[in-house]
Amino acid sequence: MASVVTTIATNPGWPDYSVFRPHPPAPRLLEWMADSRQRTGALLGDLSGAHWLGPQLASINPPQWELGHLAWFWEKWLLRGGDILRNSSALLPDTDVLYDSMAVPHASRWRLPLPSVRATWDYRGRGAGSGT
């Protein structure tokens, strides 16, 4: 939590979403999700080649895995209501196996059979375009 507070304190333009209790209404959450997706696109949009995996460090995830993980979170919590057991309704095969950070050891994320970068961007887009 301290690192999040430090990040917010050093980036005053970033909203602190943790202060909202009870949780805001769905339209506000969707607005925040859209903002998050725009920022992610801006951060990752210029990567190419080997930059998608990057160096293997204990403090970061490979950007290609992270993009899929973010899309998986959207799908898991918004489209499937948090039900990981409904993999049959997943938008892309094996996403629960590839992107669940509680089940996928950090060091293995550089060696997973990830979908291509294009397929991962498409996966991200399909989740957002589902009307949620």
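Aspartate 94 sits in the loop that joins H3 and H4. The model is a predicted one, and in it the phi angle of aspartate 94 is near 65 degrees, a positive value in a residue that is not glycine. Aspartate 94 has a relative accessibility of 45% and therefore counts as partly exposed, because that class covers values between 20% and 50%.

Threonine 95 belongs to helix H4, which spans residues 95–99. Is threonine 95 buried or exposed? Its relative accessible area is 0%, so threonine 95 is buried; the cut-off for that class is under 20%. The side chain of threonine 95 also reaches back to leucine 92, where the backbone oxygen lies at 3.4 Å. That distance of 3.4 Å falls under the heading of a polar contact, for which the pair of N or O atoms must be within 3.5 Å.

Alanine 107 is placed in the loop between H4 and helix H5, the latter being residues 117–128. With a relative accessibility of 38%, alanine 107 counts as partly exposed. Along the chain, alanine 107 and leucine 57 are 50 residues apart, yet their C-alpha atoms are separated by 8.3 Å.

The next topic is the pairing of two helices. Helix H2 covers residues 26–44 and helix H3 covers residues 63–79; their axes come within 11 Å and cross at roughly 165 degrees. How are H2 and H3 oriented to each other? They are roughly antiparallel, because angles over 145 degrees are put in that class. The handedness of the crossing of H2 and H3 is left-handed. On the H2 side, the residues that meet H3 are Met33, Arg37, Thr40 and Leu44, and on the H3 side they are Pro63, Leu67, Leu70, Trp74 and Leu78. Sorted by class, this contact of H2 with H3 has seven nonpolar residues, one polar residue and one charged residue.

Glycine 41 is another residue of helix H2. Its relative accessible area is 22%, so glycine 41 is partly exposed. Glycine 41 and leucine 67 are 26 residues apart in sequence, and the C-alpha to C-alpha distance between them is 9.2 Å. Leucine 67 is one of the H3 residues that meet H2. Which residues does glycine 41 contact, once its neighbours within four places in sequence are left aside? They are Trp121 and Arg124.

Last comes the chain as a whole. The protein chain has five helices and zero strands, and its pattern, read along the sequence, is α-α-α-α-α. The chain has 132 residues, of which 28% count as buried. Among contacts with a separation of 6 or more in the protein chain, 58% come from residues 24 or more positions apart.

How values were computed
Residues are numbered from 1 along each chain as its sequence is written. This is a predicted model: local features need pLDDT of at least 70, side-chain atom pairs count only at pLDDT 80 or more; totals for chains, interfaces and linings use all residues. Side-chain values use heavy atoms; hydrogens and water are left out. Helices (H or I, at least four residues) and strands (E, at least two) are DSSP runs, numbered from the N terminus. Buried means under 20% relative accessible area, exposed over 50%, partly exposed in between (1.4 Å probe, protein chains only). A polar contact is a pair of N or O atoms within 3.5 Å; within protein, one must be able to donate a hydrogen and the other to accept it, and residues adjacent in sequence count only if both atoms are side-chain atoms. Axes are lines fitted to C-alpha atoms, for helices over the stretch in contact, and angles run from 0 to 180 degrees between N-to-C directions. Angles under 35 degrees count as roughly parallel, over 145 as roughly antiparallel, 65 to 115 as roughly perpendicular and the rest as oblique. A crossing is left-handed if the near helix is turned anticlockwise from the far one by less than a right angle, and right-handed if clockwise. Contact means heavy atoms within 4.5 Å. Ala, Val, Leu, Ile, Met, Phe, Trp, Tyr, Cys and Pro count as nonpolar, Asp, Glu, Lys and Arg as charged, and the others, Gly among them, as polar.
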